[in-house]
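This report describes a ligand site and the strands around it. Please consult the sequence and structure shown here.

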Amino acid sequence: MKLIIAIVQDEDAQRLTSTLMDDGFSVTKLATTGGFLRAGNTTLLIGVDEERLDDAMDLIEKVSKSRKQVATSPSPVAGAAGVYVPYPVEVTVGGATVFVVDVEQFRKL
Ligand code: 2BA
């Protein structure tokens, strides 16, 4: 068995959860926060048998969209007044950041 840990954007989370469940996958949804943007995102935990791993990955890829977001970072050098001025940086977020790990045991107790 494998555990898929998929970090997706909130905008895609509901549709992805429904799509996975409609296809027979079990999903746990966590509200998480990205370290860089410090904005909300969603992490899905999906335990799958190995033979269904590719099916789940295909669905995640199909539903998760990439989007541009603007982050505000402090400027790397202080200005004349010695103040670090915030400046906008555009980053492309997603589709999905996915980790696949081996599951040593899966039990429902
Ligand atoms: P955030 O950390 O909020 O990052 C959002 C987006 O900002 C990233 O999109 C990437 O395009 C950009 N970014 C992140 N760190 C950066 C940096 N040091 N310099 C410049 N740009 C940077 P994604 O790569 O699609 O990541 C989306 C979210 O997935 C991340 O949100 C984070 O919550 C998670 N994530 C990505 N890589 C990860 C990793 N190696 N370990 C754990 N979580 C990860």
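## Ligand contacts

A polar backbone atom of L37 lies 2.8 Å from an oxygen atom of the ligand, a polar contact being a pair of N or O atoms within 3.5 Å (within protein, one must be able to donate a hydrogen and the other to accept it, and residues adjacent in sequence count only if both atoms are side-chain atoms). For G94, too, a polar backbone atom is involved, at 2.7 Å from an oxygen atom of the ligand. N41 contributes an N or O atom of its side chain, 3.0 Å from a ligand oxygen atom. The ligand taken alone exposes 750 Å², of which the protein buries 52%; these accessible areas come from the Shrake-Rupley method with a 1.4 Å probe, and for residues only the protein chains shown count as cover.

The model is predicted: local features need pLDDT of at least 70 and side-chain atom pairs count only at pLDDT 80 or more, while totals for chains, interfaces and linings use all residues. Residues are numbered from 1 along each chain as its sequence is written, and side-chain values use heavy atoms, with hydrogens and water left out.

## The surrounding shell

Which residues surround the ligand? They are I7, G34, G35, F36, L37, N41, V91, T92, V93, G94, T97 and F99, where a residue is near a molecule or strand if one of its heavy atoms lies within 4 Å of it. Six are nonpolar, six polar and none charged; Ala, Val, Leu, Ile, Met, Phe, Trp, Tyr, Cys and Pro count as nonpolar, Asp, Glu, Lys and Arg as charged, and the others, Gly among them, as polar.

Strand β5 (86-93) supplies the largest share of the shell, three residues. Both β5 and β6 supply at least two residues each; strands (E, at least two residues) and helices (H or I, at least four) are DSSP runs, numbered from the N terminus.

Buried means under 20% relative accessible area, exposed over 50%, and partly exposed in between (1.4 Å probe, protein chains only).

β1 runs antiparallel to β3 (residues 40-48), joined by seven bridges, and antiparallel to β6 (residues 97-102), joined by six; two strands pair if DSSP finds at least two bridges between them. I5 stands opposite L45 in β3 and opposite F99 in β6.

## Backbone features in the loops

The peptide bond from G94 to G95 is cis, with omega near -10 degrees. G95 lies in the loop between β5 and β6.

R38, in the loop between β2 (28-33) and β3, has a positive phi near 55 degrees, although R38 is a residue other than glycine. R38 is exposed, with a relative accessible area of 71%.
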